[in-house]
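Subject: Handing over a structure, with notes

Dear colleague,

I am passing this structure on to you, and my notes follow below it. Please read them with the structure open beside you.

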Amino acid sequence: MIRFAQALIDGTLVGLVYGLIAISFVVIYRASQIVNLAQGEVLLMGALFVWTFTLGAPTLFGFKIPLVVSLLLTGAACVALGLLLERLVFRPLIGQHAFAIFMASIALLVMLRGVAQMIWSAETRPFPAILPSGAISLGPFLLNKRLLIGAILTIILALALHLFLTRTRQGLRLAAVAESHNTALSLGVSVRSAIAIAWVLGTVVATLGAIVLLSGRILSLDVAEIGFKALPVALLGGLESVRGAPLAGLLIGIGERLAMSYLDPVTNGVASNVLPFGVMIAVLLIRPQGLFGWKKIERL
Amino acid sequence: MLPTGIHFKTYGSEAGLLKTTRARVWVALLVAGLALLPLVSNDYLHGIGTQMYITLIAVLGLHVTVGIAGQINIAQSAFVGVGAFAAAKFVEFGWPFWVVIPAAALTTGAVSILFALPAARVKGFYLALTTLAAQVLFPIVVFGLPPTWLGGLVGMPVEPLTVAGYAISSPMQLYYFTFAIALIMTLAAFNLHRSRFGRALKAVRDNDIAAEVMGIDVLRYKLAAFFAGSMFAGVAGACTAWFLQFVTAESFTLFSSVWYLGMLIVGGMATPIGAILGVVFITVVQEGLHEIASAFVRHGDASGTIFAATNVALGGCILLALIFEPRGLAHRWMVLKNTFQFWPFPPR
């Protein structure tokens, strides 16, 4: 029983971190109608920025940077990356077929991985401990502090972004862009600025995800794989729903943890890895718009 | 469009793949040149040639699924892997090669249908996500299955290929074998365009509602598009198994799937010529980068940097093609050909 409850707690916390990364997917889609498969690579870039301005700084720049300043620098670098991607890749593709935009994100996946490897090399490196490590014990259960902070952050962020996207003028403009680029353009909504905002938000949220995920752990290029784990979460929650992402993350995180503790010993460790993608295919078959997504006729 | 003065007396001659004597001569020269190439090249080039033919088969399959039928598939490499493992298993059973290749193709096609089934409910890039699931699940499942089935984490060794009692194992022999297979598959891809099946797929790609109104069973043809494209992948997989003589799930990554797609996009999706040009272009770029990098780094392990540089180059090529020439190199080639044919008049 304790094992079951502990699996539930772990699953909840890990799931909310998946939710955080799924939010970075959703926020890009919700504001610009781009499914960005390269989100894992964006997260990797964010993590590498953090490393550069914290642990990498003494060797690279010759002096230590205070944590607050380095986080600000990381934020600036994320904004710059988002704007750069908008200007070079997605602005020329406005109004193109969805296929072209999807392929551009795949090209970006390959390219960012290559760029990361060329600039920072493929070696593994320690990631700074920005969040506290260790665990809080609550009766017989253990709560990982890092993941707990991440979970709270996820929920706050999801609510804040939801309010931004549904209650502010700028957020509603983004909704128009997510509906249709051409309709938005004809109504005088700037698709360029929408895509720029989407990418800035997406890179910043992904970097927050990287900090929660990696704080005090090891950073390698394989971190980017998390992007593929977050994709089923985003799809289950609904690609247009920021609030759906944490809930879907919760479901998939708990499912994965339960599969890990009860099914994996029988199935040679396959069950927990297969589960998110099984869920993804099931969602596409049964309810393509996800739990809270917009129901569109074109998808059927 | 053909220049003035070329007339056809029968339907057969107008429907032919090579309409004029000149075209037939050029293609015969190309085939003869490729067949005679081993006389002047070395084993290294044979290896690259073999790899290019195998890649071409896989990309032609992608051309069928993505180019003709308009269904995005980002799991072509996983499907090649399924073909390779199927072929390795069938070779273990002691089947001859002319049974192994079709059997591997059919197996791969059947597996692809599993992941194409959501086409009943979704379309566009949502469908692409299920193929992404196929790509991510492939190594997990292969590694997780009992090692006696597909070799688990280690992989499976493959007996060398024998054709009519002769072992095909030297690079030159493999070059000729894959050349012959690639020739057959290229012919199949060209012929697909002028069959009812191919035209139905194009109708589905251009407007699936209109296609449905014309009496085309859209779901069936979408599944068939995946099946046909994956059969090409299965053939490529069987060739890979014999070429590497060892199959492991690690050789069939998402990255090679993206490479296949990139080749198709750079070359041009709409024609098999695009697939050919894309494969040749990207392979030349890759080999060129390889040469440059090894010239710079004489000592030390530079493979990581080369891998990174080729990825950046490929990503850049795809983006440039998407932004500046979505019709790919094939379109440029047509323009060049037209200019040549119509000279001194301006091309069409």
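Does Gln33(A) count as buried or exposed, and how many C-beta neighbours does it have inside 10 Å? Gln33(A) counts as buried because it has 22 such neighbours inside 10 Å, where a residue is called buried if 20 or more other C-beta atoms lie within 10 Å of its own, exposed if 12 or fewer, and partly exposed in between, with C-beta atoms placed from the backbone.

Before going further, please keep in mind that this is a predicted model, in which local features need pLDDT of at least 70 and side-chain atom pairs count only at pLDDT 80 or more, while totals for chains, interfaces and linings use all residues. Residues are numbered from 1 along each chain as its sequence is written, and chains are lettered from A and ligands numbered from 1 in the order in which they are written.

Some backbone details

Gln33(A) lies in the loop between α1 (2-32) and α2 (39-53) of chain A (helices, H or I with at least four residues, and strands, E with at least two, are DSSP runs numbered from the N terminus), and its phi is near 60 degrees, a positive value in a residue other than glycine. Gln245(B) also has a positive phi, of about 55 degrees, although it is not a glycine, and this residue is found in the loop between α11 (218-244) and β4 (246-247) of chain B. Gln245(B) counts as partly exposed, because it has 15 C-beta neighbours inside 10 Å.

In chain A, strands β2 (residues 135-138) and β3 (residues 141-144) run antiparallel and are joined by four bridges, where strands are said to pair if DSSP finds at least two bridges between them. Ser137(A) has Leu142(A) as its bridge partner in β3(A). The two strands form a hairpin with two residues between them, and Gly139(A) in the turn has a positive phi of about 65 degrees.

Leaving aside residues up to four places away in sequence, Ile57(B) touches several residues, including Met185(B), Phe232(B) and Val235(B).

Domains and chains

Chain B is divided into domain 1 (41-252) and domain 2 (253-348), with bounds that come from an automatic or database domain assignment. Between these domains, 21 residues of domain 1 are in contact with 17 residues of domain 2, contact being counted if the C-beta atoms of two residues, placed from the backbone, lie within 7 Å. On the side of domain 1 of chain B that touches domain 2, α3(B) provides the largest share, eleven residues.

The contact between the chains takes 37 residues from chain B and 39 residues from chain A. On the side of chain B that touches chain A, the largest share, 13 residues, comes from α14(B).

With best wishes
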